[in-house]
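Please look at the model shown here before reading on. The notes that follow take up one residue and then one interface between two chains.

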Amino acid sequence: MSRLARAVLLTLLVIWPFAAHAQKDSVTIGQTLEPPTLDPTTGAAQAIREVTYLNIYEGLLRIDRDGKLQPLLAESWTVSPDNLTYTFRLRRGVKFHDGSDFDAADVKFTFERAMAPDSTNAQKWIFAPIARIETPDRYTVVITLKEPTGNFLYGLAWGDAVIFAPETVAENRTKPIGTGPYRFERWVRGDRVELVRNDAYWARIPAISRATFRFISDPQAQVAAIRAGDVDALSNLAAQEAADQLKNDANLKVVVGNTEGETILAINNAKPPFNDVRVRRAIAHAIDRMAVIDGAVSGYGTPIGTHFSPNHPAYVDLTGTYPYDPARARALLAEAGHPNGFNATLRLPPPPYARRSGEIIAAQLAQVGIKVSIEPIEFAQWLDQVFRNKNYDLTIIAHTEPLDIGIYARDDYYFQYRNPAFNALMAKIGTTMDEAERNRLYGEAQRMLTTDAVNVFLFQLPKIGVWNVNLTGMWENWPLPANPIAELSWKR
Amino acid sequence: MKFPRAAAIMQRPALAAGATITLLLAMVALVSLVWTPYPYTDMNIAMRLQPPSARHWLGTDQFGRDILSMLMAGSRNSFAVGFVAVGIGLGIGVALGTTAAVRGGIVDDVVMRLADFTFAFPAVLSAIMITAWLGPGAVNAIIAIGIFNIPVFARLSRGSALQVLSRDFILAARAAGKGMARITVEHVLPNIAGILVVQATIQFALAILAEAGLAYLGLGTQPPNPSWGRMLNEAQTFMHRSPWLAIFPGAAIALAVLGFNLLGDGLRDLIDPKLRRARS
Amino acid sequence: MLALLVRRVIGLVLTLLAAAVVVFVVMEVLPGDPAAVMLGVQATPETLAALRTELGLDRPAPVRFATWIIDLLQGDLGISYTYRVPVAGLIAERLTITVPLALLSIALSTAIALPLGILAAARHDRPADAGIMVFSQIGVAVPNFWFALLLVLLFSVTLGWLPSGGFPGWQAGIGAAFAALALPAISLALPQAAILARVTRSAVLDALGEDYVRTARAKGLTRAATLRRHVLRNALIPVVTIMGLQFSFLLAGAIIIENVFYLPGLGRLVFQAIAQRDLIVVRDIVLLLAAMVIFINFAVDVLYTLIDPRLRGQRT
């Protein structure tokens with residue numbers, strides 16, 4: 001090492017601890033995956049939302065840390081008695097990061113772009129119910145729907161419905177411009193994205209002045225980085241088993257929360273012998289959910305008994321419906337005409353939770369005579385073979401979209417579950433505007449799925465956050481993947 | 001003190017060591033067919049990540065499976081990969097190589113161009129693409145490795161065959177009215193068999209390494225069949241608390257590769273002592 | 001000589017074209033749709049169709065092949081599906097990690113292997129020789145990714161001296177960057193060094209057996225001086241060959257090591273691009289690597305003739 005380099009290194013080593021002790025108003029968050037672009041309309045990659053949602057971009061509404069809807073760029077709204085017309089009052093004095101004003105025209109532009117035939121918005125369903133958008137004045141947007149849609153507002157709070165300015169939308173992939181509390185500063189590819197506080201922000205100016213998202217995919221490097229203080233927080237550990245090493249560190253807080261990812265053993269309900277509910281129930285009885293959770297995610301997942309997030313107020317705990325009982329499973333199989341079991345394939349996408357769960361489940365099913373052969377496939381193949389062509393027996397995947405129980409009402413969905421009663425229930429929920437009633441119906445829907453043993457519902461994918469004990473405001477759960485920097489602050 | 005021919009003496013021990021290691025591994029593979037300490041697929045989540053002990057000599061993995069049993073069964077996998085991948089290369093490669101040597105001309109040109117062409121593609125990357133196309137799994141990994149063995153044997157058998165063909169007894173055979181096909185079978189192949197066996201042993205070692213690499217990337221042998229490479233892949237995130245998971249499977253791979261390499265080198269010296277020094 | 005060169009260049013171009021066809025075809029038959037991978041499970045069929053149009057995937061394969069080749073000839077490597085930036089930029093970024101890594105491991109392996117190989121040859125058939133050959137056998141047998149894991153276990157997990165993975169970027173300082181590359185470079189260098197040591201040893205031994213060496217010794221030159229003046233120069237040929245091949249191997253062969261260490265290099269880029277069906281990135285990189293192997297082999301041939309005048313004229 002040259003003398004100069006040594007001197008610089010020494011200086012850094014000396015200065016660093018002091019710099020850290022001065023009142024800190026910056027934050028560095030480590031996350032596992034790097035976003036491919038910074039424009040949420042270019043793809044479904046969650047990493048884009050983790051960096052940009054509520055930091056750079058804002059929508060008419062937002063989801064808060066409890067999963068509740070809150071007004072954001074829309075100050076307030078009214079819904080017509082027939083539930084078809086939504087009138088949004090927009091906030092005044094909001095500016096995009098390039099200095100231009102935010103107004104109704106931007107909303108109209110953004111939504112019409114998302115609805116257009118050539119739109120590549122991954123959540124186009126959000127905008128599908130829209131019949132037309134009118135802007136009677138600069139700060140009013142009137143949206144008319146084709147039919148009443150219970151989840152319309154909820155969809156508008158997603159990271160896919162954030163508002164762009166027409167002049168800058170083409171640049172968003174690498175130079176994102178939004179109305180949020182943080183401006184994009186730079187992107188060092190392969191390493192980090194840096195944001196700085198937007199001092200012209202329309203609401204309260206947040207405490208943190210600079211935020212850096214660092215992308216660290218190596219689980220061991222994540223552990224090292226947070227221990228060394230190179231990052232102040234890890235939003236979600238890359239490998240659950242790494243949490244063990246950090247639990248006893250007095251400077252760190254390990255918070256096990258939930259995502260909206262229901263991890264399920266999906267069953268091809270249309271394919272014999274799985275079209276027999278007794279076979280599906282036998283499979284449910286044959287699986288020891290707690291062993292799967294221990295072996296696959298080191299015990300950190302919340303068990304679920306239906307396709308619904310435990311975070312949601314409408315959640316019903318149905319984990320006791322099919323207790324682990326190999327004898328009962330064998331009896332059910334015999335009843336269904338398979339006393340000696342049968343052969344099946346289990347297609348596994350790449351994430352470790354799926355591969356590990358698959359190995360354990362294959363071993364458990366073997367105990368009751370179901371001989372499962374494991375076929376690991378890439379995500380591209382999973383989408384092609386399993387998801388699109390429904391060419392599978394069993395598969396394991398986490399459905400990470402929030403409140404996605406409606407997928408069971410799609411007859412052509414890859415589960416191939418066809419139950420008119422369920423579809424009618426979902427249609428009713430769609431048009432039910434009263435929240436309590438809607439939650440009651442959601443409960444009914446959950447029970448229906450469990451009774452029909454459509455899939456085996458395993459566990460909610462955990463979000464294991466780790467952060468400095470002095471950092472407050474990180475989201476403990478992910479009702480939507482988000483790390484809003486404006487909610488963070490350092491304890492004095 | 002002087003060791004006049006220390007390395008020379010080392011040569012035969014190398015052969016002995018190579019033969020011993022490979023025989024031992026072969027025996028382990030055979031034994032694993034009828035007996036392992038525990039069934040290698042038996043999971044016991046309560047006993048996960050146990051360190052080596054009297055009950056589990058090499059400890060247990062993240063599902064509570066016995067590592068020793070998995071390693072034993074994994075040796076079968078490595079042997080199978082080696083045999084089939086080298087078999088593909090040997091079968092097709094020698095056929096192409098000797099044909100090229102005997103026929104010469106345009107056939108020779110085409111075969112050698114193809115061999116060069118195959119070499120231009122990075123082997124690991126190509127194997128990854130092949131498994132992406134055909135799907136991951138032992139068979140496809142073997143095919144991918146086998147394809148890259150073909151040009152190796154094609155070149156070697158062509159070169160060796162050309163040497164044999166220039167010898168006097170070939171002329172004698174031709175004079176006696178034997179056809180080229182017969183000459184190839186009766187004279188060329190027996191004369192190049194030795195060098196091919198040596199190369200096959202070396203390629204066997206390389207095939208084991210290659211499969212381990214692909215399995216490490218998640219593209220080789222799939223569960224529940226144990227594979228040393230995949231065991232390493234699964235060990236990586238548990239390494240901080242259970243280092244044995246990462247140590248034993250790698251040692252098994254290294255031992256197997258060492259064994260076959262030593263055997264190959266030893267055989268080469270036995271067949272052609274002149275080649276000893278020129279080994280590279 | 002010129003005719004030979006022209007013939008070789010034509011062969012080179014044809015080989016490259018054939019390589020392009022093979023890569024393109026393999027990418028075409030890969031199951032899975034790039035647009036589906038990007039848009040996830042909620043995408044509607046019309047969104048998928050819109051994205052395919054935007055990416056140009058709706059055009060027939062021959063048209064896309066022709067466009068790809070024509071663009072390549074103009075120096076345009078296309079736009080990555082996943083990252084939506086020019087592929088050339090992506091590759092350039094990743095090369096700033098992969099090339100230093102390859103050079104570092106070549107330097108390391110050379111620094112280890114040349115002295116060992118020469119020593120082994122000079123002490124031929126003595127314990128030092130035997131010891132070095134044993135080292136070489138073990139070095140060849142140890143899988144580099146396992147060696148990498150052992151290094152991580154020792155230097156990162158246990159001692160905490162070096163990072164277990166990731167790359168902070170060159171702007172983080174040369175020290176941090178080299179610290180991140182240290183373990184990967186060592187793990188790549190070990191098997192290379194083992195092979196190189198063997199090649200060096202046998203090359204030196206061969207040269208020692210030549211007549212002119214005996215003449216030199218007879219003229220009264222010491223063993224060391226003979227080694228320096230006559231042997232090493234001639235032993236260099238096979239050594240350079242192997243180093244050339246190793247360099248091309250390192251660019252592609254680092255895929256596994258880059259995955260062990262989560263290094264955002266070329267190998268990891270192409271590995272992820274295959275999984276994400278970022279077909280254009282895969283095509284470009286595979287062709288680039290194949291081209292590199294072809295050119296390096298060409299360059300090694302040229303070096304041969306430069307180092308060894310005897311080869312001039314007799315190479316075909």
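T98(B) is buried, with a relative accessible area of 6%, where buried means under 20% relative accessible area with a 1.4 Å probe and protein chains only. This is a predicted model, in which local features need pLDDT of at least 70 and side-chain atom pairs count only at pLDDT 80 or more, while totals for chains, interfaces and linings use all residues. Residues are numbered from 1 along each chain as its sequence is written, chains are lettered from A and ligands numbered from 1 in the order in which they are written, and side-chain values use heavy atoms, with hydrogens and water left out.

- T98(B) lies in helix α2 (residues 67–103) of chain B, a helix being a DSSP run of H or I with at least four residues, numbered from the N terminus.
- Apart from neighbours within four places in sequence, T98(B) is in contact (heavy atoms within 4.5 Å) with S157(B), A161(B), T184(B), V188(B), L189(B) and I192(B).
- The side chain of T98(B) also reaches the backbone oxygen of A95(B), at 3.4 Å.

**Chain C against chain B**

- The contact takes 51 residues from chain C and 45 residues from chain B.
- The area buried between chain C and chain B, meaning the accessible area (1.4 Å probe) lost on being put together and summed over both, is about 4100 Å², of which carbon and sulfur atoms give 77%.
- One salt bridge is counted between chain C and chain B, a term for a side-chain nitrogen of Lys or Arg within 4 Å of a carboxyl oxygen of Asp or Glu.
- The side chains of R198(C) and D265(B) meet in a salt bridge at 3.6 Å, N to O.

Notes
Buried area = accessible area lost by both parts, 1.4 Å probe. Helix = DSSP H or I, 4+ residues; strand = E, 2+ residues; numbered from the N terminus. Buried < 20%, exposed > 50% of the residue type's maximum accessible area, 1.4 Å probe, protein only. Polar contact = N/O pair within 3.5 Å; in protein donor to acceptor, adjacent residues only side chain to side chain.
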